[in-house]
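Hi there,

Here is the structure I promised to pass on to you. Please open it and have a look around before reading on.

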Amino acid sequence: MLIGVGLGPGNPQLLTLKAVETLKHSDMVYVPGRLAADLVAPYANCEILDFPMTKNSDVLNAIWKKNADIVAGHARSGTVAFGLIGDPNFFSTFSHLSRVIHEYHPDIGITTIPGISSITSFAARTKVAIDSSFEVSDGTCVRSKIILKARRPLEIVNSLADEGYDEFIFAEKLFSDEEKIIKTRENIPEKGDYFSIIYAKKRDPGRIE
Ligand SMILES: C[S@@+](CC[C@H](N)C(=O)[O-])C[C@H]1O[C@@H](n2cnc3c(N)ncnc32)[C@H](O)[C@@H]1O
C-alpha cells in the first residue's frame, strides 16, 4: 500500500493528526526534498528521492520510472508513505508518481491524505477571503471546474455539459459517515446537501487517455 501524505505548507504545526499517525506507522517514508524531510523528521526516518527539474523528457521518464520502481518495491510488501508539501492531489509530484506506478505496478493500492494546500495557506497568511468564483492556473489551459453548494446537482451537471464539460464527480459530506461520491453522470441525483461539490472536466483534445 502506498499513501500520499500532505504535509501542509511547510510549518511543522500545520500537519494533520492523520498525517502524523500515518508517518509514525508506515514501514518506509519517502519525500521529494529537504523541506518535506524536515517536516517528517519528528515522526519517522525518511529517504529523499531525487526529482530533478529538467525538461528533457527521456531523462524525466527514466527518473520517474526509477523512483516508481523503488517506491513500488517497498509498497508491495508493506505500508509506504510519500510525504510532500501541501496536498498530494493538488499540482503535486505525487499525482504523477501515482500515474507511473499505476502503469508499471498496477497491483499497488494507492490512497492519499489531504494536506493544507498553498491556496488556503495563501488566504490565511495574506488575510484574503476568497468568497466568490476564482481561477487557479499553472499556465496550462483551464479544463476543470469545481462548483460548491451543489444543492441541485443534476441541473448543474446538465448546464456544464452544455458548456462542453464531459466528466463529472458529485461528492457529498466528504470524510463523514454519510459520504457520497458519484462518478457516473446517469447517477447524479436531482437534490444535494449543502456540503456538496461537483467537479467537472473537459477532455484534453491533445491527450490520448
Ligand atoms: C508543484 S506546486 C505544489 C502545490 C502543493 N501540492 C499544494 O498543495 O499547494 C508548487 C507551487 O505551489 C505554490 N506553493 C506551494 N507551497 C507554497 C508556499 N508555502 N507559499 C507560497 N506558494 C506555495 C507555489 O506556486 C509553487 O510554485
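This is a predicted model: local features need pLDDT of at least 70, side-chain atom pairs count only at pLDDT 80 or more; totals for chains, interfaces and linings use all residues.

Residues are numbered from 1 along each chain as its sequence is written.

The protein has six helices and nine strands (DSSP runs numbered from the N terminus: H or I of at least four residues for helices, E of at least two for strands). Its radius of gyration, 19 Å, is close to the 17 Å that the globule rule gives for 209 residues, so the protein is as compact as a globular protein of that length (the radius is taken over C-alpha atoms, and the rule is 2.2 Å times the number of residues to the power 0.38). Of the 209 residues, 29% count as buried (20 or more other C-beta atoms within 10 Å of a residue's own; exposed means 12 or fewer, partly exposed in between, with C-beta atoms placed from the backbone).

Now for helix α1, residues 17–25: which of its residues are buried? They are A19, T22 and L23. Seen down the axis of α1, these fall within an arc of 100 degrees, so they line one face of the helix (the arc is that of the directions from the helix axis to the C-beta atoms). L17, K24 and H25, on the other side of α1, are exposed.

Enjoy exploring!
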